[in-house]
Amino acid sequence: HRAISTGTLQRPKQILHSHASGIDAGSPINMERILALLRDDAVLIAKQMSDWESCGRVDLMPFQLTAVQKIMWSSSVSEQEILDVMKEIKTQHDYHVCPQTAVAISAAQKFNLLHQGNGRLPILQTVTRVPVVCLSTASLAKYTGVAAKAGVDVLCPPAIKALYDLPQKSIQLLESEDWENVIRDRIDMVKLRWKELH
């Protein structure tokens, strides 16, 4: 949100965990792609991403910020707004949305309220309400604690309930290990087991 509204992309000193834990991002990975789509300047973008990696901050060039703001809008959403939208969607549409989806819906609602007919974005020059599609990203069964805070009852599907009875498995990776190779080896092992079973 900060990068799109102010032009400063800065790694937070601390990530605050929210109800929408799936999008508690300290490093928005799509910014590099967005900048490249707006203006294909590989040298500038490589320098900016290098600065991001080394010092955790990038200030967009004025032309980049202007270009981003012509096609994008962002919003922050409070914890209470997440809960309110989850409850609203369940009450009005009998549909469960995960916290991340509630963030998207809340932002879309704010977008339409704040920008009705002002022409800030090209699409808004001809319409007063922009149709928005929000794709639900996860099952609410993963967020039963948040659902309870929202006052939304959610039944956990049997397949997910069964997962709670399985033994937990984990491996500890040391900072000195080659994480990419360790993870690739684990993925290959899972693929082999899958082929053996099917």
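User: How many helices and strands does the protein have?
Analyst: This is a predicted model, in which local features need pLDDT of at least 70, side-chain atom pairs count only at pLDDT 80 or more, and totals for chains, interfaces and linings use all residues. Residues are numbered from 1 along each chain as its sequence is written, and side-chain values use heavy atoms, with hydrogens and water left out. Helices (H or I, at least four residues) and strands (E, at least two) are DSSP runs, numbered from the N terminus. From the N terminus on, the order is α-β-α-α-β-α-α-α-α-α-α, and the count is nine helices and two strands.

User: What percentage of the 198 residues is buried?
Analyst: Buried means under 20% relative accessible area, exposed over 50%, and partly exposed in between (1.4 Å probe, protein chains only). Of the 198 residues in the protein, the buried ones make up 29%.

User: Is Gln100 buried or exposed?
Analyst: Gln100 is found in helix 6. Its relative accessible area is 8%, so Gln100 is buried.

User: Which side chain makes a polar contact with the side chain of Gln100?
Analyst: Contact means heavy atoms within 4.5 Å. Leaving aside neighbours within four places in sequence, Gln100 is in contact with residues including His19, Thr137 and Tyr143. A polar contact is a pair of N or O atoms within 3.5 Å; within protein, one must be able to donate a hydrogen and the other to accept it, and residues adjacent in sequence count only if both atoms are side-chain atoms. At 3.1 Å, the partner side chain is that of Tyr143.

User: Where does Trp179 lie, and how accessible is Trp179?
Analyst: Trp179 lies in helix 9 (residues 179–197). Trp179 counts as partly exposed because its relative accessibility is 43%.
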